[in-house]
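Here's a quick briefing for anyone new to this one. Have a look at the model first, and then we'll go through it topic by topic.

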Amino acid sequence: MRIVFALFLAAHGLIHLSYLSPAPKPTAGGPSWPFEMSRSWLVTAMNVDPGLVRAIGSVIVIVAAAAFVLAGLSWLGLVVPRDWWPMLIGVGAVASLAVLAVFFHPWILLGFAIDAVLLWLAFVAGWMPEPAGT
């Protein structure tokens with residue numbers, strides 16, 4: 001179960017990298033690509049330069065992905081100290097929530113819920129990884 005949860009954390013982080021990939025060609029009647037930075041309400045409502053929004057968004061996406069992957073390693077006690085887990089979850093979830101809010105698409109509502117649960121586990125429930133073998 002420990003490995004499954006660590007893989008879940010890594011996958012949750014890595015899915016954010018979809019914002020950096022080009023959108024696939026739309027198909028007739030197919031759904032819109034949910035990981036699109038050019039559709040940001042920040043660009044349209046506040047007249048912010050789309051290039052600036054993409055640059056800042058890219059950095060935040062990378063921070064979210066890296067933090068969750070590192071949190072997964074921390075959960076396993078590999079490379080990253082276990083004590084860093086709450087901080088990594090906090091950084092990853094806040095970065096993720098920022099990206100999901102600024103580049104909102106209805107398909108990503110699950111991401112908000114995942115981030116909220118992870119924040120609750122780390123900071124309210126005080127959930128910490130146990131040392132291996134326990």
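Before we talk about how helices pack: axes are lines fitted to C-alpha atoms, for helices over the stretch in contact, and angles run from 0 to 180 degrees between N-to-C directions. What you see is a predicted model, where local features need pLDDT of at least 70 and side-chain atom pairs count only at pLDDT 80 or more, while totals for chains, interfaces and linings use all residues. Residues are numbered from 1 along each chain as its sequence is written, and side-chain values use heavy atoms, with hydrogens and water left out.

**The overall layout**
- The chain has five helices and zero strands (DSSP runs numbered from the N terminus: helices are H or I of at least four residues, strands E of at least two).
- Reading from the N terminus, the order is α-α-α-α-α.
- The C-alpha trace spans about 50 × 30 × 25 Å along its principal axes.

**α1 against α3**
- The axes of α1 and helix α3 (residues 50-76) come within 7 Å and cross at roughly 170°.
- That makes α1 roughly antiparallel to α3 (angles under 35 degrees count as roughly parallel, over 145 as roughly antiparallel, 65 to 115 as roughly perpendicular and the rest as oblique).
- Residues making the contact (heavy atoms within 4.5 Å) include Phe5, Leu9 and His12 of α1 and Phe68, Val69 and Trp75 of α3.
- By class, this contact has 13 nonpolar, three polar and one charged residue (Ala, Val, Leu, Ile, Met, Phe, Trp, Tyr, Cys and Pro are nonpolar; Asp, Glu, Lys and Arg are charged; the others, Gly among them, are polar).

**α4 against α5**
- Helix α4 (residues 85-102) and α5 have axes that come within 9 Å and cross at roughly 155°.
- That makes α4 roughly antiparallel to α5.
- Among the residues in this contact are Trp85, Ile89 and Leu97 from α4, plus Phe112, Leu118 and Phe123 from α5.
- The tally here is 12 nonpolar, three polar and one charged.

**The largest pocket**
- A pocket is an open set of points on a 1 Å grid over the protein atoms alone, where a 1.4 Å probe fits, with protein on both sides within 12 Å along at least five of seven lines; lining residues have an atom within 4 Å of a point.
- There are 13 lining residues, with His12, Ile15, Phe35, Gly111 and Ile114 nearest the centre of the largest pocket.
- α1 (2-15) and α5 (109-124) are the elements that each give two or more residues to that lining.
- The largest share, four residues, comes from α1.
- The lining has 10 nonpolar, three polar and no charged residues.
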